[in-house]
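Thanks for coming, everyone. I have one structure to walk through today, so please look at the screen.

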Amino acid sequence: MHRVNPPELSPPAGFSHAVTVTGGRLVFLAGQTALDGAGRIVPGGLPGQFERALGNLLHALRAAGGGPEHLARVTVYATDVAGYRAHARELGAVWRRLAGRDYPAMAVVGVVRLWDEEALVELDGIAMLP
């Protein structure tokens with residue numbers, strides 16, 4: 001896997017402009033919200049929900065045999081993009097603590113609501129395992 005960040009584009013912060021992958025096995029990760037083991041959304045507002053949703057995504061990836069370094073693409077669906085931007089520094093710290101400093105290609109998409117009505121954020125992704 002190779003992260004590509006051309007100098008002609010603005011410097012990426014918390015994402016990579018492109019990721020190339022060769023060989024290996026693709027893992028498609030379903031959208032994960034901040035559900036706990038009992039199926040309830042965890043408290044803690046956006047930062048707490050982001051941490052749980054990312055943790056759930058990484059747990060599914062580990063169960064498939066991978067780790068955060070194998071993430072090629074992550075999409076974040078947020079019910080409040082302005083709130084997401086306001087918490088960007090805090091969310092970045094959560095990402096680095098759980099997933100490290102290598103970022104996949106990412107997008108944040110504003111949505112009206114998510115499947116879990118109390119959810120503020122959902123993450124899905126694609127990983128390439130060696």
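Let's begin with contacts. Take the pairs in contact whose residues sit at least 6 apart in sequence. In this protein, 73% of those contacts join residues at least 24 apart. Keep in mind that this is a predicted model.

Now the layout. The protein has 3 helices and 6 strands. Read from the N terminus, the order is β-β-β-α-β-α-α-β-β. How compact is the protein? Its radius of gyration is 14 Å, and the globule rule for 130 residues gives a value close to that, 14 Å, so the protein is as compact as a globular protein of that length. Along the principal axes, the C-alpha trace spans about 40 × 35 × 25 Å.

Next, burial and surface. Of the 130 residues, 38% are buried. The protein exposes about 7,200 Å². Carbon and sulfur atoms supply 55% of that area.

Charges, briefly. There are 12 positive and 12 negative charges. How far apart are their mean positions? The answer is 6 Å.

On to the aromatics. The structure holds 2 aromatic pairs. One is Phe 50 with Tyr 84. Their ring centres are 6.2 Å apart and their planes meet at 70°. Planes over 60 degrees apart count as edge-to-face, so that is the label for Phe 50 and Tyr 84. Which elements does this pair link? Phe 50 belongs to helix H1, residues 45-63, and Tyr 84 to helix H2, residues 81-86.

Tyr 103 leads us to Ser 16. Ser 16 is in contact with Tyr 103, and also with Arg 3, Asn 5, Pro 104, Ala 105 and Met 106, leaving aside neighbours within four places in sequence. Where is Ser 16? Look in the loop between strand E1, residues 2-4, and strand E2, residues 18-20. Its relative accessibility is 5%, so Ser 16 counts as buried.

Back to helix H1 for a moment. Ala 53 is found there. Buried or exposed? Ala 53 is buried, because its relative accessible area is 0% and the cut-off for buried is under 20%. Which residues does Ala 53 contact, beyond four places in sequence? They are Gln 32, Thr 33, Ala 34, Val 121 and Leu 123. For scale, take Thr 22. Ala 53 and Thr 22 are 31 residues apart in sequence, and 28 Å apart in space, C-alpha to C-alpha.

One more residue, His 70. His 70 lies in the loop between H1 and strand E4, residues 71-78. At 14% relative accessibility, His 70 counts as buried. What does His 70 touch? Residues up to four places away are not counted; the others are Met 1, Ile 126, Ala 127, Met 128, Leu 129 and Pro 130.

To recap the residues: Ala 53 is buried in the model, His 70 counts as buried, and Ser 16 counts as buried. The aromatic pairs number 2. That's my tour.

Key:
Residues numbered from 1 in each chain as written. Predicted model: local features only at pLDDT ≥ 70, side-chain atom pairs only at ≥ 80, totals over all residues. Heavy atoms only, no water. Helix = DSSP H or I, 4+ residues; strand = E, 2+ residues; numbered from the N terminus. Rg over C-alpha atoms; globule rule 2.2 N^0.38 Å. Buried < 20%, exposed > 50% of the residue type's maximum accessible area, 1.4 Å probe, protein only. Contact = heavy atoms within 4.5 Å. Areas by Shrake-Rupley, 256 points an atom, 1.4 Å probe, with all protein chains shown as cover. Lys, Arg positive; Asp, Glu negative; His and termini not counted. Charge placed at Lys NZ, Arg CZ, Asp CG, Glu CD. Phe/Tyr/Trp six-rings, centres within 6.5 Å; stacked < 30°, edge-to-face > 60°.
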